[in-house]
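Trainee: Could we go through this model together, one question at a time, with the cut-offs spelled out as we meet them?

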Amino acid sequence: MRTPLSNLHVEAGARFIEFAGWEMPVHYGSQLEEHHAVRNNSGCFDVSHMAVVDIDQHPGEQLLRRLLVCDVSRLNIGHAAYALMLNERGGIVDDLIAYRREKGYRLVINAGTTQKDLDWIARHAKEQHSIGVARHRAELCIIAVQGPQAIEITSTLLGLQGLKELESFSFVEHERYFVSRTGYTGEDGVEIISSSEAALDLWSRLTANGVQPVGLGARDSLRLEAGLNLYGHDMKEDTNPFECRVAWTIDWGDRDRGFIGRSAIEPLRKEGAATKLVGLKLTERGIPREGFSVRTEAGTGVVTSGTFSPTLKQGIALARVPVSARGECHVEVRRKPIPAKITRLPFVHKRN
Amino acid sequence: MPDFPPDLRYARTHEWVRVEGTRATVGISDYAQTQLGDVVYVELPEIGTHVEFESEIAVVESVKAASDIYAPVTGEIVDTNDELDSAPETVNADPYGDGWFFVVEMSDDELSSDLLTAEAYEVLCQEEGE
């Protein structure tokens with residue numbers, strides 16, 4: 001599959017890779033330059049491979065209160081939440097963003113999990129006798145504009161003066177565009193959902209105004225520097241939120257709200273998990289990659305995703321390690337143990 | 001389109017060789033650097049190391065992956081490009097010039113017949129790309 005913006009990527013000299021059944025740009029010449037453009041200026045990403053799912057207010061709200069770890073009934077209109085769907089064992093089915101609109105809810109879910117999520121949602125909708133409550137909006141495109149200049153450029157191009165004042169994790173629906181102050185880079189920015197025609201217009205105007213197109217390569221190094229998990233790598237169906245640094249997304253408030261997975265993981269609030277996800281910085285030359293083993297004083301661990309940090313100019317990783325691990329460790333890079341340090345996340349902070 | 005200078009010989013593993021007298025300068029091809037993407041580290045052999053034809057002798061690591069570099073000739077390492085330590089992006093910018101990796105003082109008089117001409121190597125790259 002290709003997104004409706006694909007021809008524009010070809011014209012811009014993109015190199016494509018296969019990702020979850022999609023042909024997506026991995027870079028447009030240099031992944032490093034694209035990364036720096038987002039940290040220093042602005043970049044735009046075609047993330048139309050991700051899926052938009054619209055859900056009716058009633059009975060969708062009851063369904064989402066059961067499916068998601070956050071309590072959507074506490075979301076104000078115009079606000080969004082980063083949330084998880086869990087299975088009965090408390091493992092993570094997917095991570096997503098849930099938006100509360102005037103009429104109903106909108107979810108943006110991962111590309112690689114789209115069918116699985118749709119089946120999961122449909123199955124539980126059926127149990128609640130609310131078949132057809134969720135609609136996959138496959139025709140919609142998503143463009144992310146990220147970087148210190150992203151807000152100013154986007155507000156000018158869309159004629160949307162209030163964008164600067166829009167809080168993080170809130171959104172506005174303006175003419176043809178659904179504009180949300182969210183992102184996956186650690187920078188200020190927006191994610192914009194629209195029809196493919198509106199997306200083609202916006203993309204052309206963004207790039208004509210000097211916004212750098214950015215591929216999946218830099219998207220990955222940006223999110224890793226920002227300490228953000230990638231589903232399917234840093235968290236999966238057999239890891240729970242406490243093991244993945246995302247237990248903060250859970251709203252335990254309403255004791256009667258039996259969201260799926262709650263009974264399995266509630267004991268962990270006291271007991272804690274056996275493993276944890278940490279940030280690692282290599283203190284010598286080398287790039288940690290997924291699957292590389294980590295040796296700590298508390299036992300062995302594994303790199304769940306790693307990269308060369310273009311900002312720090314060193315190898316960085318997220319790794320799953322025993323819960324008591326801290327301080328110095330080693331990452332096995334191509335049969336050589338490279339010294340590393342367990343580090344606070346994010347690796348790179350937004351400049352103010 | 002990648003560049004294939006006709007005066008060089010190429011290994012199937014994407015190294016190039018430029019022979020001047022008994023010395024062979026080695027780097028990676030333009031095709032290889034585009035495939036790798038941005039190069040971030042190059043691990044070079046020490047001067048004085050003896051290398052055998054087709055043995056692993058260096059590592060080039062890009063944002064995408066780490067790749068072994070194989071010696072396209074037999075002999076002794078007499079020079080390495082230390083500039084790549086601080087400027088690995090030179091491999092992307094100028095693969096046949098300032099992006100060279102190392103120089104070997106060859107112990108054989110002739111290059112291996114396994115090394116390809118520019119023309120044959122271009123065909124190989126086209127086949128790989130398909």
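Trainee: Against which elements of chain A do the buried residues of H7(A) pack?

Mentor: This is a predicted model, in which local features need pLDDT of at least 70, side-chain atom pairs count only at pLDDT 80 or more, and totals for chains, interfaces and linings use all residues. Residues are numbered from 1 along each chain as its sequence is written, and chains are lettered from A and ligands numbered from 1 in the order in which they are written. Helices (H or I, at least four residues) and strands (E, at least two) are DSSP runs numbered from the N terminus, and a residue is buried if 20 or more other C-beta atoms, placed from the backbone, lie within 10 Å of its own, exposed if 12 or fewer, and partly exposed in between. The buried residues of H7(A) pack against E2, helix H2 (31-40), strand E3 (43-46), strand E16 (299-309) and E17 of chain A.

Trainee: How many of the residues of helix H7 of chain A are buried?

Mentor: The buried set of H7(A) includes A:Arg219, A:Arg223 and A:Glu225 as well as A:Leu222 and A:Leu224. Helix H7 (residues 216-225) of chain A is largely enclosed by the rest of the structure, because the buried residues number eight of the 10.

Trainee: In strand E17, is A:Arg320 buried, exposed or partly exposed?

Mentor: A:Arg320 has its place in strand E17 (residues 314-322) of chain A. Beyond its neighbours within four places in sequence, A:Arg320 is in contact (C-beta atoms, placed from the backbone, within 7 Å) with A:Thr275, A:Leu277, A:Gly301, A:Val302 and A:Thr304. Because A:Arg320 has 19 C-beta neighbours inside 10 Å, it counts as partly exposed.

Trainee: Which residues of H4(A) are buried, and over what arc around the axis do they lie?

Mentor: Helix H4 (residues 114-127) of chain A has 14 residues and reaches 20 Å from its first C-alpha to its last, close to the 20 Å expected at 1.5 Å a residue, where the expected span is 1.5 Å times one less than the number of residues. The buried residues in H4(A) are A:Asp117, A:Ile121 and A:Ala125. They are on the same side of H4(A), because the arc they cover around the axis, taken from the directions from the helix axis to the C-beta atoms, is only 70°.

Trainee: Which residues are exposed on the other side of H4(A)?

Mentor: The buried residues of H4(A) are covered by elements of chain A including strand E5 (80-86) and strand E6 (92-100). On the other side of H4(A), the exposed residues are A:Gln115, A:Asp119, A:Arg123, A:Lys126 and A:Glu127.

Trainee: By class, what residues does the side of domain 1 of chain A that touches domain 2 of chain A have?

Mentor: The domain assignment, automatic or from a database, gives domain 1 (6-48 + 140-225) and domain 2 (49-128 + 240-271) of chain A. In chain A, 15 residues of domain 1 are in contact with 12 residues of domain 2. Counting Ala, Val, Leu, Ile, Met, Phe, Trp, Tyr, Cys and Pro as nonpolar, Asp, Glu, Lys and Arg as charged, and the others, Gly among them, as polar, the side of domain 1 that touches domain 2 has 11 nonpolar, four polar and no charged residues.

Trainee: How many residues does each chain give to the contact between chain A and chain B?

Mentor: The side of chain B that touches chain A divides into four nonpolar, one polar and two charged residues. The contact takes seven residues from chain B and nine residues from chain A.

Technical notes
Contact = placed C-beta atoms within 7 Å.
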